[in-house]
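Dear colleague,

I am handing over the structure below, and after it I set out what was found. Please read the notes with the structure open beside them.

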Amino acid sequence: MSKNRCPACRRALPVNDGAFCPYCGAALSKEEKMSEQLRAVLNAAGKEADPVKKHRMLAEAREAFPDCLPVEEELLFLGRLHERDGKNPSYDVIKCFLLHPYLTPKEFSAAKRDAMQRELFHHEQLERCKALASDPDVFLSHYLERLSEEFVRLFLEGSTYYMRSFFGFTSRKNAPRLLAEPAAQMIGNMAADEALTPEERKALTHAFYRGFSRRMDGQTEWLRQEMERQGISMED
């Protein structure tokens, strides 16, 4: 199997000479196929735990491989983590934190929610990635899904409040059931967000559902039940 990845959805490509991604349909040009050198740089950056070093590695990769979507995407998802202040920690530097107003809306002012929504859909780095993608809408869908999966991992699955730890221990096998309620609430809040366009609401709710499903290994039966109980539906 090829180690190349689609520049839009980032899934591993099963062949080396295909014209289109078999998963998302994005066009594949020779220029988009990842060189061994670029793959090595991205793999090394992906394993780097220090966000400052990771940002430096990606910045150097941008210089070596200008207008390269995989590099720009990793810079997009790194967010401002490399700017974190150890003396004054803030979740704001974590990119997927942009979804938190849909989990706890009362904790954010209207101005703060507006600013986070603008960054979620219109940040300059996102626009740069969309401009480089063969299909901007496909990339946006992929971006929102990846962001959602990271949010579920960090802020739902990583929360002792939602995971209900027992003497400090939690069991991941219970996550699909325990996280169904907060995930359904988030989808409901996304679907009801009039500050977003109908297209944005549809893209966000569907991407969050897919991101949750990916993180929960496809176990969405409890989420579907909770959405039905709360009367939540997503736009088709």
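The buried residues of α3 pack against α1 (36-47), α2 (51-64), α5 and α6, where buried means under 20% relative accessible area, exposed over 50% and partly exposed in between (1.4 Å probe, protein chains only), and where helices (H or I, at least four residues) and strands (E, at least two) are DSSP runs numbered from the N terminus. The helix is mostly covered, with 10 of its 10 residues buried; these include Leu 69, Pro 70, Val 71, Phe 77 and Leu 78, and also the charged residues Glu 72, Glu 73 and Glu 74. After α3 comes Gly 79, which has a positive phi, near 60°.

Before going further, please note that this is a predicted model, in which local features need pLDDT of at least 70 and side-chain atom pairs count only at pLDDT 80 or more, while totals for chains, interfaces and linings use all residues. Residues are numbered from 1 along each chain as its sequence is written, and side-chain values use heavy atoms, with hydrogens and water left out.

As for the chain overall, there are 11 helices and zero strands, and of its 236 residues 42% count as buried. Taking contacts (heavy atoms within 4.5 Å) between residues at least 6 apart in sequence, 56% join residues at least 24 apart.

Two helix pairs deserve a description. The axes of α3 and α5 come within 9 Å and cross at roughly 160°, the axes being lines fitted to C-alpha atoms, for helices over the stretch in contact, with angles running from 0 to 180 degrees between N-to-C directions. That makes α3 roughly antiparallel to α5, on a scale where angles under 35 degrees count as roughly parallel, over 145 as roughly antiparallel, 65 to 115 as roughly perpendicular and the rest as oblique. The crossing of α3 past α5 is left-handed, a term used if the near helix is turned anticlockwise from the far one by less than a right angle, with right-handed used if clockwise. On the α3 side the contact is made by Leu 69, Glu 72, Glu 73, Leu 75 and Leu 76, and on the α5 side by Gln 125, Leu 126, Arg 128, Cys 129 and Leu 132. By class, this contact of α3 with α5 has six nonpolar, one polar and three charged residues, where Ala, Val, Leu, Ile, Met, Phe, Trp, Tyr, Cys and Pro count as nonpolar, Asp, Glu, Lys and Arg as charged, and the others, Gly among them, as polar.

For α4 and α5, the axes come within 6 Å and cross at roughly 20°, and the two helices are therefore roughly parallel to each other. Here Leu 120, Phe 121 and His 122 of α4 meet Glu 124, Leu 126 and Glu 127 of α5, a contact with three nonpolar, one polar and two charged residues.

The structure also holds 17 salt bridges, each defined as a side-chain nitrogen of Lys or Arg within 4 Å of a carboxyl oxygen of Asp or Glu. One of them joins the side chains of Arg 128 and Glu 72 (3.0 Å, N to O), and this pair links distant parts of the chain, with Arg 128 in helix α5 (residues 124-132) and Glu 72 in helix α3 (residues 69-78), 56 residues apart. Glu 72 is buried at a relative accessible area of 0%, whereas Arg 128, at 31%, counts as partly exposed. Both residues belong to a network of salt bridges that links Arg 62, Asp 67, Glu 72 and Arg 128.

Another salt bridge pairs Glu 119 with Lys 95, their closest N and O atoms being 3.1 Å apart; Glu 119 lies in helix α4 (residues 110-122) and Lys 95 in the loop between α3 and α4, so the pair ties together parts that are 24 residues apart in sequence. Lys 95 is buried at 4% relative accessibility, while Glu 119 is partly exposed at 26%.

With kind regards
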